[in-house]
Amino acid sequence: MPRKPIPTLSGVFTPTETPAHLARDVIESALREAIMDGRIPPETPLRQEEIAALFGVSRMPVREALRRLESQGLLHIQPYKGAVVTALISQDAIDTYGVRLLLEPEALRLSLPHLSDTDLAEASARLTALRQARDSATLARLNREFHMALYRRAGNARLLYLIEQELEQEERFLRFHLSAMGTGHQARDDHDALLDAARSGDESRALALLRRHLSQAEQAIRHYLAGQDNAESPAGDAPRIAGEPK
């Protein structure tokens, strides 16, 4: 199936004048949202001059915003081409879950004995909000806050920092793996069971549930990537995900 034409940024954003002291954050937020909701699809080049003109700023805040988006894995810099939007799902997604599988069970093990009723209530509130959330940015934020509420008493600031970095990376493919695991129902059930185990202080069950939860997401992404490889042959098309061009 032929790809949709890559849109120009002028078809995504309305030209505006942005206050200089807000420019970097405004541009980063606008580009991030447009990448995440699919208005700027993978392989779209992001040219500094065009962005600067659209937002009415110099190239300096644009350059800073692009660097921040690159650090989040949303784009990469190509020689002679500049910043280019990355695919929502790639091998990097598998690597992210591999790191999470190494770090998060240890954080949960350390934190579990010290969780307070307030911590557990906060985790529960995040799950309630997750059931109502629809957009990927809110889903990713609430998912991150739920997990961090359970890990926060680990007593290791560096460990928690590394985990939060990986959770922030997850937003690129959160919509995909929730859909692949049953439109979010499996993930929701996993979260509910994990919170229940944390409430009861059942360490072995909580750790087993967390590992299964992360492993299922990793396997869903592996399956998707394998389908993408197979789609290069005449055998058939791989499933699409929201935000990817046909």
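**Helices side by side**

Tutor: Start with helix α4 (residues 91-111) and helix α7 (residues 157-169), whose axes come within 9 Å and cross at roughly 145°. This is a predicted model, where local features need pLDDT of at least 70, side-chain atom pairs count only at pLDDT 80 or more, and totals for chains, interfaces and linings use all residues. Residues are numbered from 1 along each chain as its sequence is written, and side-chain values use heavy atoms, with hydrogens and water left out.

An axis is a line fitted to C-alpha atoms, for helices over the stretch in contact, and angles between N-to-C directions run from 0 to 180 degrees.

α4 passes α7 in a left-handed crossing (the near helix is turned anticlockwise from the far one by less than a right angle; clockwise would be right-handed). On the α4 side, D92, T96, V99, R100, L103, E104, E106, A107 and L110 take part, meeting L159, L162, I163, E166, L167 and Q169 of α7; contact means heavy atoms within 4.5 Å. By class, that gives 8 nonpolar, 2 polar and 5 charged residues. Nonpolar covers Ala, Val, Leu, Ile, Met, Phe, Trp, Tyr, Cys and Pro, charged covers Asp, Glu, Lys and Arg, and the others, Gly among them, are polar.

Now look at α5 (residues 117-132) and α9 (residues 185-200): their axes come within 11 Å and cross at roughly 165°. That makes α5 roughly antiparallel to α9 (over 145 degrees; under 35 is roughly parallel, 65 to 115 roughly perpendicular, the rest oblique). This crossing is left-handed too. Here L120, A123, S124, L127, L130 and R131 of α5 meet R188, H191, D192, L195, A198 and R199 of α9, which divide into 6 nonpolar, 2 polar and 4 charged.

Zoom in on D119, which also sits in α5. Its relative accessibility is 1%, so D119 counts as buried (under 20% relative accessible area; exposed is over 50%, partly exposed in between, with a 1.4 Å probe and protein chains only). The D119 side chain reaches the backbone nitrogen of S116 at 3.0 Å, and makes a polar contact with the side chain of R152 at 3.1 Å. A polar contact is a pair of N or O atoms within 3.5 Å; within protein, one must be able to donate a hydrogen and the other to accept it, and residues adjacent in sequence count only if both atoms are side-chain atoms. Leaving aside neighbours within four places in sequence, D119 touches H114, A149, R152 and R153.

Conventions:
Helices (H or I, at least four residues) and strands (E, at least two) are DSSP runs, numbered from the N terminus.
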